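Please look through the sequence and the model shown below before reading on.

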Amino acid sequence: MTAEERKEAGITDLPSTLHNALKALTEDEVVKAALGDHIYTSFLEAKRIEWASYATFVSQWEVDNYLDLY
């Protein structure tokens with residue numbers, strides 16, 4: 001389906017990154033209630049640490065494509 005067809009059918013895409021998924025999770029009261037405060041808070045903290053680690057990682061592709069340019 002095209003993006004337009006999905007929109008017309010009321011189909012939304014899943015978050016494309018862990019960062020976007022965490023933003024969506026903070027807005028989801030059902031998941032928060034199901035997990036409970038302790039697990040919810042611990043999970044968010046762990047995944048934020050994971051995202052921060054990922055966001056600072058330089059991949060081999062970036063090295064191969066950008067190192068000589070700058």
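From the N terminus on, the elements of the protein follow the order α-α-α-α-α, which amounts to five helices and zero strands; here helices (H or I, at least four residues) and strands (E, at least two) are DSSP runs, numbered from the N terminus. This is a predicted model, in which local features need pLDDT of at least 70 and side-chain atom pairs count only at pLDDT 80 or more, while totals for chains, interfaces and linings use all residues. Residues are numbered from 1 along each chain as its sequence is written, and side-chain values use heavy atoms, with hydrogens and water left out.

**Overall form**

The C-alpha trace of the protein spans about 50 × 40 × 15 Å along its principal axes. Its radius of gyration, taken over C-alpha atoms, is 17 Å, whereas a compact globule of 70 residues would have a value near 11 Å, by a rule of 2.2 Å times the number of residues to the power 0.38. Buried residues make up 6% of the 70 residues, where buried means under 20% relative accessible area, exposed over 50%, and partly exposed in between (1.4 Å probe, protein chains only).

An unreviewed UniProt entry carries the annotation "domain: GS catalytic" for residues 3–66, although such annotations may be inferred rather than shown by experiment. Over residues 3–66 the chain is 75% helix and 0% strand, and the end C-alpha atoms lie 31 Å apart.

**Surface**

The protein exposes about 6,100 Å², of which carbon and sulfur atoms supply 58%; accessible areas come from the Shrake-Rupley method with a 1.4 Å probe. W61, Y66, L69 and Y70 form a nonpolar patch on the surface, with about 570 Å² of accessible area together. Such patches are made of residues with over 30% relative accessible area and no salt bridge, nonpolar side chains being joined within 5 Å and like charges within 9 Å. Y66, found in helix α5 (residues 60–66), is partly exposed at 38% relative accessibility.

**Charged pairs**

Side chains of opposite charge can pair when their charged atoms come close. A search of the whole structure finds two salt bridges, each a side-chain nitrogen of Lys or Arg within 4 Å of a carboxyl oxygen of Asp or Glu.

| Salt bridge | Closest N and O atoms |
|---|---|
| D13 and R6 | 3.2 Å apart |
| E50 and K47 | 2.8 Å apart |

D13 is exposed at 54% relative accessibility, while R6 is partly exposed at 23%. Because E50 and K47 are three residues apart in helix α4 (residues 37–55), they are separated by about one helical turn.
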